[in-house]
Amino acid sequence: LEVADLGGTRTLFLDGQQHSAMDKDAPLRHVFEYTRYFHLPYLFAEDPDDIDRVLFVGGGGFSGPKRFAAEYDATIDVAEIDPEVIRVAKEYFGVNESGQLRIHSAGGRQFLQETDHTYDLIVMDAYKKDKVPLQLTTVEFMQLANDRLSPNGMLFANLISAPSGPASKFYRAEYRTMEQVFPQVYSFPTAGSSVVQNIEVVATKDSDVVTESELRSRNRNREIGIDLE
């Protein structure tokens, strides 16, 4: 684990790979483009105010949890398996626990198995280098997450894969896995090609389809703290 400052950006490296980054002058700004997509569920929801309880699986530099706690009237839990990552986030990335933001030193699957809470949104952002931990990719895990979601809850997953071609095997497999549990699964590649990239996937318990035009309309008409046009 390394923390490095370059100019106005502080970056957390795990196993030599960039994991999280923070603008030291604007700590809540999303430095990595893919983390902006974390806010998509606020467009998918019929009423964004119904997202009252959020779980992030994977902390890193806590970019998403910090922004959510500042932006939304929601309780944020974070399950981060590595206590050293938690310590470093508090020391170097301005993470402060509160009644609204609570950090749990536990793996995501373990936490969901043991918690009594249900969530309106579960954000999956746990990975080692470019791989999602196996225990978070199975049908059994997706069913566990589904069971811990409220009736209109959503699962958001950050995958690192290509959207098509030979390097898309993991993305295609994970999409099929999620489809076995969730009625609707939506994909958002973050780069305009078939290269390996962050692909953001939203899985909903609502069987009604939300179209691209509806998402764009909601983005224009809703104040969710970020423009996702």
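The lining of the largest cavity comprises 7 nonpolar, 7 polar and 1 charged residues. The structure is a predicted model, and it holds 2 cavities of 30 Å³ or more. The volume of the largest cavity is about 90 Å³. Of the 15 residues that line this cavity, Ser20, Tyr34, Thr35, Ser63 and Asp125 are the closest to its centre. Strand 3 (17–23) and helix 2 (63–71) are the elements that give two or more residues to this lining.

The second largest cavity has a volume of about 80 Å³. Among the residues that line the second largest cavity are Met124, Asp125, Ala126, Phe141, Leu155 and Glu174. Two or more residues of this lining come from each of helix 5 (139–147) and strand 8 (149–161). Strand 8 makes the greatest contribution, with 4 residues. By class, the lining of the second largest cavity divides into 9 nonpolar, 1 polar and 2 charged residues.

Pockets were also examined. The second largest pocket has a volume of about 370 Å³. Its lining is made up of 16 residues, and those nearest the centre of the pocket are Leu40, Phe188, Arg216, Leu228 and Glu229. At least two lining residues are supplied by strand 9 and at least two by helix 7 (212–221). Helix 7 gives the most, with 4 residues. The lining of this pocket contains 8 nonpolar, 2 polar and 6 charged residues.

Strand 9 spans residues 184–189 and includes glutamine 184. Glutamine 184 has a relative accessible area of 18%; a residue counts as buried when this value is under 20%, and glutamine 184 is therefore buried. Apart from neighbours within four places in sequence, the residues in contact with glutamine 184 are Val202, Ala203, Thr204, Asp206, Ser207, Asp208 and Val209.

Helix 3 covers residues 83–92, and its buried residues are Val85, Ile86, Val88 and Ala89. When the helix is viewed down its axis, these buried residues fall within an arc of 165 degrees, so they line one face of helix 3. At its start, a side-chain oxygen of aspartate 82 comes to within 2.9 Å of the backbone nitrogen of glutamate 84. Glycine 94 follows helix 3 and has a positive phi, near 65 degrees.

Conventions
Residues numbered from 1 in each chain as written. Predicted model: local features only at pLDDT ≥ 70, side-chain atom pairs only at ≥ 80, totals over all residues. Heavy atoms only, no water. Buried < 20%, exposed > 50% of the residue type's maximum accessible area, 1.4 Å probe, protein only. Arc of directions from axis to C-beta. Polar contact = N/O pair within 3.5 Å; in protein donor to acceptor, adjacent residues only side chain to side chain. Contact = heavy atoms within 4.5 Å. 1 Å grid on protein atoms, 1.4 Å probe; cavity = no way out; pocket = protein on both sides within 12 Å on 5 of 7 lines; lining within 4 Å. Points joined across faces, edges and corners; volume = space filled by probe spheres on them. Nonpolar A, V, L, I, M, F, W, Y, C, P; charged D, E, K, R; others polar.
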